[in-house]
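Subject: Structure for you to look over

Dear colleague,

Here is the structure I promised to pass on. My notes follow below it.

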Amino acid sequence: MEAFEFLLPLAIILLFSKLMGLGAHKCGMPAVIGMLLAGILIGVLKYIPLDWLQEALFSTQIEQVLSVMSKIGVVLIMFSAGLGTDLKKLKQTGVASVVITTFGVIVPMLLGFLVAFLFDFYTPINLSDNGGGAGEFDLLSDFFYGAILTATSVSVTVAVLKELGKLDSKVGTSIIAAAVIDDVIGIIILSVLTGFSSKGGEETGWNWFHPNAGLVIIKIVVFFIAAIALGVGLRKLFDLMERRAPHNRRVPIISLAACFLYAYCAEKFFGVADITGAYLAGILLGGTLSETPYVESKVDTMGYLIFSPIFFANIGIANITYFSEITLPFLAFGLVFVVAALAGKLFGCAAGAKLCKFSTNDSFRVGLGMMVRAEVVLICTEKGVACGLVNPAVFPFIILIILISSVLTPILLKTSYRSEIKRDRTLPPPEWKEDSNT
């Protein structure tokens, strides 16, 4: 394949992704939805029996290039997420956010695991993609389905609360801080499960007593220790560069180099997911550094200009064939899995908030705010597919989770605040209250 031949599918992906992303945004949904639908629409072209079309858009070489660019896209997304993770938020809500997150991780993970376990054990479907036959029992795969449901994305929630003037309220700050902890815990769980997965196909299944089990855990712990130690040195280097040459292009360039190095070393030497390395690099280089917003803006510009749209669109393109292969038992599993995803976060986080003495209404709002899923759940699913722990046919249901949660959350949040907003509008201004008391 000549290099210029890749330019046509690249142009089509970027154009469709932008148009569909704008359409999703106008409908009050994340642009991610539009990008996914763009990929699905492009993937439909696979069924048009024209040789020149198949060669121009779906040749093996083009798919390989798209796969590489998608990998860069997902690494940049997680690096940007790490840069935007403000650990100071944890101090503002204290124990409440930790409790909310704990319930918001445990409940959906257990529900997801239980659903996968029951369907894996009692129905003739293969929920993993490790080459086994239908109905093959794989406990590690079931755990991974549960881990997928721990992901959250509060961008939609933040936009709604900001519009309602409730972002700085007890509910708003709790949701933001809990989302930070949620991401960190979710990444750790993902790292452990992928560490136990079989990348070479020699071992499958979950076995705590496997002789390599202890080695996997040790490697994960060593990775985090080494990554944090190196991160301390990198922060000092960045502090020095900031003082000598603020807003210099060398800062985001070296930041990207650190991101890719962390991602590579995590997967290559420690058996930890590359996205974990990228996310941790973002956390270590973010936070208190004054150059963080500058670096984040450059990373977002590069990522969302080319690589991120390719990642999301490629999910739709690569998995369009699985839409037609969904069997009746897998359809039943997928729909129950969607319910578990929504109910797990809603009731789990609400229970955590209620335990911390939030009112019933505020507890419900916290659960709603944490229910939304977006790019992180896609990334976790994609990683599970790559490790052979997740059946690619689950992608339509993951898209359905994102779609339903993104639509329901703004509607229900606004409805829950309607009486309070109406009451606030009927109250006289503060100065009138003072006059009436004198």
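Which residues of H7 are buried? They are Leu140, Ser141, Asp142, Phe144, Tyr145, Gly146, Ala147 and Ile148, where buried means under 20% relative accessible area, exposed over 50% and partly exposed in between (1.4 Å probe, protein chains only). Eight of the 10 residues of H7 are thus buried, so the helix is largely enclosed by the rest of the structure.

Before the rest, the ground rules. The model is predicted, so local features need pLDDT of at least 70 and side-chain atom pairs count only at pLDDT 80 or more, while totals for chains, interfaces and linings use all residues. Residues are numbered from 1 along each chain as its sequence is written, and side-chain values use heavy atoms, with hydrogens and water left out. Helices (H or I, at least four residues) and strands (E, at least two) are DSSP runs, numbered from the N terminus.

Aromatic contacts

The whole structure holds 13 aromatic pairs. Rings of Phe, Tyr and Trp (its six-membered ring) pair if their centres lie within 6.5 Å; planes under 30 degrees apart count as stacked, over 60 as edge-to-face and the rest as tilted. Tyrosine 145 and phenylalanine 333 pair edge-to-face, at 5.5 Å centre to centre and 90 degrees between the planes. This pair links distant parts of the chain, with tyrosine 145 in helix H7 (residues 139-148) and phenylalanine 333 in helix H14 (residues 328-355), 188 residues apart. Both of these residues are buried.

Tyrosine 145 also pairs edge-to-face with phenylalanine 337, at 5.7 Å centre to centre and 90 degrees between the planes. Again H7 is linked to H14, here across 192 residues. Phenylalanine 337 is buried, as is tyrosine 145. One aromatic cluster is formed by Phe119, Tyr145, Phe330, Phe333, Phe337 and Phe397.

On a 1 Å grid over the protein atoms alone, a pocket is an open set of points with protein on both sides within 12 Å along at least five of seven lines, and a cavity is a set of points where a 1.4 Å probe fits but cannot get out; lining residues have an atom within 4 Å of a point. Grid points are joined across faces, edges and corners, and a volume is the space filled by probe spheres set on the points.

The largest pocket has a volume of about 1,100 Å³. Its lining has 39 residues, and Ser153, Val154, Ser155, Val158 and Glu375 lie nearest the centre. Helices that give two or more residues to this lining include H2 (31-44), H4 (60-83), H8 (155-164) and H16 (375-386). H8 gives the most, with six residues. By class, the lining has 21 nonpolar, 10 polar and eight charged residues, where Ala, Val, Leu, Ile, Met, Phe, Trp, Tyr, Cys and Pro count as nonpolar, Asp, Glu, Lys and Arg as charged, and the others, Gly among them, as polar.

Within H8, Val156, Thr157, Val160, Leu161 and Leu164 are buried. Seen down the axis of H8, its buried residues fall within an arc of 125 degrees (taken from the directions from the helix axis to the C-beta atoms), so they line one face of the helix. Lys162 and Glu163, on the other side of H8, are exposed. After H8 comes glycine 165, with a positive phi near 75 degrees.

The cavities

How many cavities of 30 Å³ or more does the whole structure have? There are three. The largest cavity has a volume of about 80 Å³. Among the residues that line it are Met78, Ala147, Asp182, Asp183, Tyr279 and Cys380. H9 gives the most to this lining, with four residues. The lining divides into seven nonpolar, two polar and two charged residues.

Lysine 357 lies in the loop between H14 and helix H15 (360-371). Its phi is near 70 degrees, a positive value in a residue other than glycine. Lysine 357 is exposed, with a relative accessible area of 73%.

Regards
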